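Hi,

Here is the structure I promised to pass on.

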Amino acid sequence: MSKQEKEYFHALHILEDNCTGCTSCVRVCPTEAIRVRDRKAKIDSLRCVDCGNCIEACAFHAIIPRSDTLDVIHNFKYKVAIISTSYFGQFTEDVSYEVAKQALYELGFDDVQEEAMVTQFQVEMIRDYIRANRDKRPILSSNCPTVVRLIQLKYPSLLSNLFQLEAPMSILTRYLRESIKQEKGLEENEIGIFLIVPCVAHVTAVHQPEGAYKHLQDGAFSIGMIYGKVREYIKHLKNNPPKIETFPKGLMWALSGVQADLVDCEDIRALSVNGVDNVMEILSRVEDHYLDQYDFIVLRSCTNGCVGGCLNVENPFVAMSRIKKMIKEGKDKKIDVHDLIELYHAGEFDVAPLSSRPVLELDKDIKKAIVKMKKLNEILTNLPGLNCCACGSPSCYALAEDIVQGKATIEDCIVLLRRHSREEEESKQEEIKSAQDKV
Amino acid sequence: MGEYWYIRPGLEESVNGFFSAQPEADMALESQIPEKDFNQAGKGSAEVKNLLKRLGVNPGILRRVAVAAYEAEINVAAHSLGGTMMCRIYDEFIHIIFKDMGPGIADIEQAMTPGYSTADEMVRELGFGAGLGLPNIKKNSDALHIHSERGNPTLLEFLIYFMSDE
């Protein structure tokens, strides 16, 4: 079995008992990865890019995000949490940045670190990379795991345009692992580093990183999952706000637009795109070489960037506004990046080139693919073209494709079935009528 | 009378053989290109791109087809009275033909010069008409043929092989 054919881990699963086969999820999947067969939704793990659309679309809580349970942190002597920047947009404005951060210590972590701490450093890394790779335009941000997987799947010619270095949370992980080992005199396996993330894709990326050379994180928790507990701690902490370090200027990472503005400078033109449909449209335009005038494109699958992640609690626009306020009111802080620069030059943040996941092609052999395509078109002309989804495939085109690939039959089309049975009935009645006339 | 031919060196025999025999295509795709409709223009080439992805065409080749087809489609929308795009797919290459309803290219050699454009104000305002259309089509195709004269419809066709160089 080739590497690509092996089972892919995804941080979501279907509860069959809850699934009614309604096809809501089938319709919203950007890679057409879901089918309803035998009245239950099934996800093709090769096609799934962990965007989370199906989780939000399901009205029956049948598609459930998977993340680690909090007690796995106790398998480690020293427990570190790294928080995604979007976390700080999840609370009402009477909850201060410091209190929201302190509450995470109360969950049982020995150390709480922020993605925001290294985002400015990441911006410099990105600029460095853009200037060192003048032959590639535009450079595409690789921070969003869904975008990376989407490119592997549907836009493989753009893989070489991806920013080929680790993202902030992974940079921070490498840095912390090294510095904690030295400072605390601990072994690598005694340190547990966990992410607190806004989306399914980041949980998937922790368990199945693409292109990672080094040992990264030991688990991931969703913001939604810890939110209830954290709010309890916040209640107690509110009266007694702690004095801890925060990084308000770094919070821009949660907002794709602000991030692009920060990378943008005299010799670098940056574009920001968010929302999975917009991302796909833009990638298609990049493929046509029509956005070569941009040096860098920030691509985020969720609305407004990571604040739109489906495991967040707050609406993406409200969260964005809160984070913008925190950035505006925050003070600039000098962060010592000396150690980070050293690790960067030592290649600690390098990632391997990614390979494509060609699941769209009908056949490996182009001749056979053409034959299948002709058959597909033939089937398509017979289908009603309503894209009603009642067969369990996302569109008539997808059903035709499934039939050609032997994954469905023309009888799956309910509209055709009804038409046929009606025609049969009519011809039967005509027969009876003509027989009666004869008599 | 304007006639323009370009064939990538080394492919003369194959290309000439194809154009003299004009064999029937394995698959065909057709779309209309309405005059100055820039919402519509680009749909045809996007459709071709999706089809070629399904056929498993090499990503680099796919990008060349996408660029050439999109440029030609925009050309028809921007400069002509509208036309059609016809795609013929064979197992070794793709043949795309654009036919418009005039008014023809006055000087093809001039139109092939990078930076030369006759695009009007409206087209330029939309961000097109930089005069790179035809040279870009040539750069990305393995064979290009244009037949045009002032006052008459134009025919532009190109071939791109699925297995070439890359």
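Below is what turned up, starting with the cores and then moving to one strand and to chain B. Please keep in mind that this is a predicted model.

The largest nonpolar core has 107 residues. Those with the most contacts inside it are A:Ile196, A:Val200, A:Leu299 and A:Ile323. Strand 8 of chain A (residues 191-197) contributes the most to this core, giving six residues. Domain 1 (1-65) and domain 2 (70-345) of chain A both supply residues to this core, so it lies between them. Leaving aside residues up to four places away in sequence, A:Leu299 touches A:Leu140, A:Ser141, A:Cys144, A:Val147, A:Val273, A:Val279 and A:Ile282. Another core, of 52 residues, lies apart from that one; among its members are A:Ala369, A:Ala408, B:Val15 and B:Leu159.

Next, strand 10 of chain A (residues 270-274), where five of five residues are buried. On one side sit A:Ala270, A:Ser272 and A:Asn274, on the other A:Leu271 and A:Val273, and both faces are covered. Strand 10 of chain A pairs in the parallel sense with strand 11 of chain A (residues 296-300), over five bridges. A:Ala270 has A:Phe296 of strand 11 of chain A opposite.

Finally, chain B contains six helices and six strands, in the order β-α-β-α-α-β-β-α-α-α-β-β along the sequence. Of its 166 residues, 37% are buried. Among contacts in chain B with a separation of 6 or more, 65% join residues 24 or more positions apart.

Happy browsing, and best wishes

Key. Residues numbered from 1 in each chain as written. Chains lettered and ligands numbered in written order. Predicted model: local features only at pLDDT ≥ 70, side-chain atom pairs only at ≥ 80, totals over all residues. Buried ≥ 20, exposed ≤ 12 C-beta atoms within 10 Å, placed from the backbone. Helix = DSSP H or I, 4+ residues; strand = E, 2+ residues; numbered from the N terminus. Pairing = 2+ DSSP bridges. Contact = placed C-beta atoms within 7 Å. Core = buried A, V, L, I, M, F, W, Y, C linked by C-beta atoms within 7 Å. Domains from an automatic or database assignment.
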